[in-house]
Structure formats: structure tokens, C-alpha cells
Amino acid sequence: MTVLDVRALNRATLARQLLLDRAEVPALDAVAHLGGLQAQEPQEPFVGLWSRLRGFEASELSGLLTGRRVVRAHLMRRTVHLVTADDLLAWRSRHDAMLRQRVLGVYRRELAGIDLGELKSAGEELMSDGEPRSMGTLARELAGRRPEPGPRALGEMLLAALIPVVQLPPRGLWRTKGGVRNTLVTSWLGRDVDPLPADGSDPVGRALVRRYLTAYGPAATADLRAWSGLAGLPAAVAAMRGELVSFRDERGRELLDLPCLPRPDAATPAPVRFLPAFDNAVLGYHDRGRVIDDAHRGLSVTGARVVLVDGRVAATWGFEDAAVVVAPLRRFSRADRAAVAEEGSALASFLSDRDSDRVRFDAS
């Protein structure tokens, strides 16, 4: 079985994530290809798409949100993701059990003894009036009917797990601040989420495997679980074995992939790329070593924005006073510094609506 080293896996990830060459595709197609972008920080998907698409304009993504082609919702790993409306409708029911269990993992004591079916029905009855609500507002309305648990636990269970909802614009629009207002998927998209098959088959699980490998492969089943948060996909993988090819990584783990997808030569040059906070190119794996060194792994879960140099995390960055500020994690060569400055200047222009192209390096 062919062994893929870390550099080969890195180049495959960059190619699948549209980070090796910027793609000339509409933003909607890119969101679908990536299986969504993590989006609990509302402005971050704009940088994620800018780094992946040639000629990307922020207004395109804002238009997709207001046009109801993409939506913000709790999905993979119980985090807020920006996904296509079609994917939310197809995938949401497959994530229901995971969403409930993850909320219970935090609020099990507060929710002990609560009938979740009754809670869901009560929440849907209130939401059916079509009035958007924040998590706190809905929880307080229900808490008036029942003294326990507290509003936070109720709100998390209702709107992050039990009731399929989307977060409405203006939250998530370009350079726009807005609180979280939730409405039913049926109210916003005009149809309910697809139900799970009554016969126990798992076509959505198999679709998720294909979509994940397309955007992240080759990958281990542990990586698939880390991206999706779902524990039940080994059966889907087993059912698809005949479609898949296998590799090994340097640790001996089996890596699965779809045939005929790009696996560039490890020597392929990789351009500098600026990634937003919580980008799935880093978070979408259990073994993140193909992109980030173990010494810096903590950056991937603390919301640090990172810079890829030769395909690996080599710096963090921020945007202050209309300038991109780069904090290297190692000494840059003169060529690397120049490449980071050039890409950072283009990013500063994008973030400032072309008012500034300044880049500053943190002296520390």
C-alpha cells in the first residue's frame, strides 16, 4: 500500500481546499465543494473564500445569504457553519442525534428529567409564529412555563440541537454587525429538512463521506469524525469500500480516498495563503500535522488567524488600523517575507475595501 508522507498529504489538502491555486468558480459552488465553512465568527468566511477564489467580491457572499442560497446554522461538530441551503436541508436530520448529545455533554445536569420531545414541541409552537428570536428570548419565553432548567441550557438545547433553525441576516453580512436572530428552516427556506430514511439506510452518511474526501482526502476515518462530529459513519465507509482507494500515512494509519482526485507531487510549490479563524483546512482533521506543527496546534482552537508558508502554518495575523499585522512563528527567509508581504497587502486591500494595502510585521 502506498505511503503518503506529510508533505504529500499537505499538497493534497491544499489542492482539495482550493488553496494551491485559486479557483475560478462561483462562491456558491465553493461553499458546496468545501462542505461549508466554519462561521461562528461571522466575518471569517469572507477571508476563507477570498483566499480560495480568484476575483472574489464580498458582495457575492452577502447576496447569497440574503438570497437564501447559503445559510448559517449549527451543524458539524455543533459549531455554526456557513453551508448551502441544499446541504442544510439534506444533512440536518443526520446530525440531530449528535447535536443533542453534544448539548447534553455540557448541560446534562441542568436538563436532567426534561422531556426533550415535549421541549421541542413547545419551542416549535412558539417559533411557528414566524417571529425571529434570539436564543435568550426563546429560552425566557419557555422558562416562564417551567422553572427549571435555566435559560442558557434551554436555549442551547432548543436552537443548537432540537429545532432546525437558521441565523438570519444581517448577521454574517460583509462588514455588518448583528445579533443572532433565529427562525425555522421551514420559514426561511420554504421546506422542511429531509427526514432520515425509514428503512435505516444511510444515503446521507455515504454522501458526507464522498463530500469530505473530495475536499479533505486522503484521510482516516478519525479525520472524518473530527470534521463531522458524527460517530456513526464507519458503516457508511464500510458500505462504500468498493468505491475507495487506500493509502497509509507515515504512522501506519489507513487513509481513504476517492480515485481520480488530485494528489499533487510533494514537490509542488505552495503559495502563501492567509486563513481565517477556525478554518476547516486546519480543524477538519483529527491529525492536523499535515498543516500545523504540534508546537502550534493550540492556535487552531483558540481562534487565531494563521498564515500558510510553503503549505504550513508559519505565522498568525490580524487586521488593525487598516493594516494586516503578521506575527511570524519562525524566522522567515527574505523570499518568504516578501511573499507574505505581497499576499498580506492584497488582503489588506480586500478587508479595507481597497482603502489600504499596508502590511506590518510584529517585531517580536
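**Questions and answers on the model**

User: Does arginine 354 count as buried or exposed?

Analyst: Arginine 354 has 60% relative accessibility. The term buried stands for under 20% relative accessible area, exposed for over 50%, and partly exposed for what lies in between, with a 1.4 Å probe and protein chains only. By that scale, arginine 354 counts as exposed.

User: What pLDDT do local features need in this predicted model?

Analyst: Residues are numbered from 1 along each chain as its sequence is written, and side-chain values use heavy atoms, without hydrogens and water. The model is predicted, with side-chain atom pairs counted only at pLDDT 80 or more and totals for chains, interfaces and linings using all residues, whereas local features need a pLDDT of at least 70.

User: What phi does arginine 354 have?

Analyst: Arginine 354 lies in the loop between H14 and strand E13 (358-361), where helices (H or I, at least four residues) and strands (E, at least two) are DSSP runs numbered from the N terminus. Most residues other than glycine have a negative phi. Arginine 354 is not a glycine, yet its phi is positive, near 70 degrees.

User: What relative accessible area does leucine 18 have?

Analyst: Leucine 18 is found in the loop between helix H1 (6-16) and H2, and its phi is positive, about 65 degrees, although it is not a glycine. Leucine 18 is buried, with a relative accessible area of 13%.

User: Which residues is asparagine 10 in contact with, leaving aside its neighbours within four places in sequence?

Analyst: Asparagine 10 has its place in helix H1 and counts as buried at 1% relative accessibility. Contact means heavy atoms within 4.5 Å. Leaving aside neighbours within four places in sequence, the residues in contact with asparagine 10 are Arg290, Val291, Asp310, Gly311 and Arg312.

User: At roughly what angle do the axes of helix H5 and helix H10 cross?

Analyst: Two packed helices are described by the angle between their axes and the distance between the axes. Here axes are lines fitted to C-alpha atoms, for helices over the stretch in contact, and angles run from 0 to 180 degrees between N-to-C directions. The axes of H5 (residues 85-111) and H10 (residues 203-216) come within 10 Å and cross at roughly 115 degrees.

User: How many nonpolar, polar and charged residues make up the contact of H5 with H10?

Analyst: H5 contributes Asp87, Ala90, Trp91, Arg94 and His95, and H10 contributes Val204, Gly205, Leu208 and Arg211. Ala, Val, Leu, Ile, Met, Phe, Trp, Tyr, Cys and Pro count as nonpolar, Asp, Glu, Lys and Arg as charged, and the others, Gly among them, as polar. The residues of the contact divide into four nonpolar, two polar and three charged.

User: How wide is the arc that the buried residues of H4 cover around the axis?

Analyst: The buried residues of helix H4 (residues 58-66) are Ala58, Leu61, Ser62, Leu64 and Leu65. The arc is that of the directions from the helix axis to the C-beta atoms. These residues lie on the same side of H4, because the arc that they cover is only 155 degrees.

User: What omega does the cis peptide bond between glycine 217 and proline 218 have?

Analyst: Most peptide bonds are trans. The cis bond joining glycine 217 and proline 218 has an omega of about -5 degrees.

User: Which residue stands opposite serine 246 in E8?

Analyst: Two strands pair if DSSP finds at least two bridges between them, and strand E7 (residues 245-249) pairs with strand E8 (residues 254-257) in the antiparallel sense over four bridges. The two strands form a hairpin with four residues between them, and glycine 252 in the turn has a positive phi of about 90 degrees. The residue opposite serine 246 is leucine 256.

User: Which strands stand at the edges of the sheet, each with a single partner strand?

Analyst: The open sheet of five strands has the order E9-E10-E11-E12-E13, with mixed pairing, and its twist averages 30 degrees from one strand to the next. Each edge strand has a single partner, so one side of each is left without a neighbour in the sheet, and these strands are E9 (273-275) and E13.

User: Which residue in E13 is the bridge partner of alanine 323?

Analyst: Strand E12 (residues 323-328) and E13 run parallel and are joined by four bridges. In E13, the bridge partner of alanine 323 is arginine 358.
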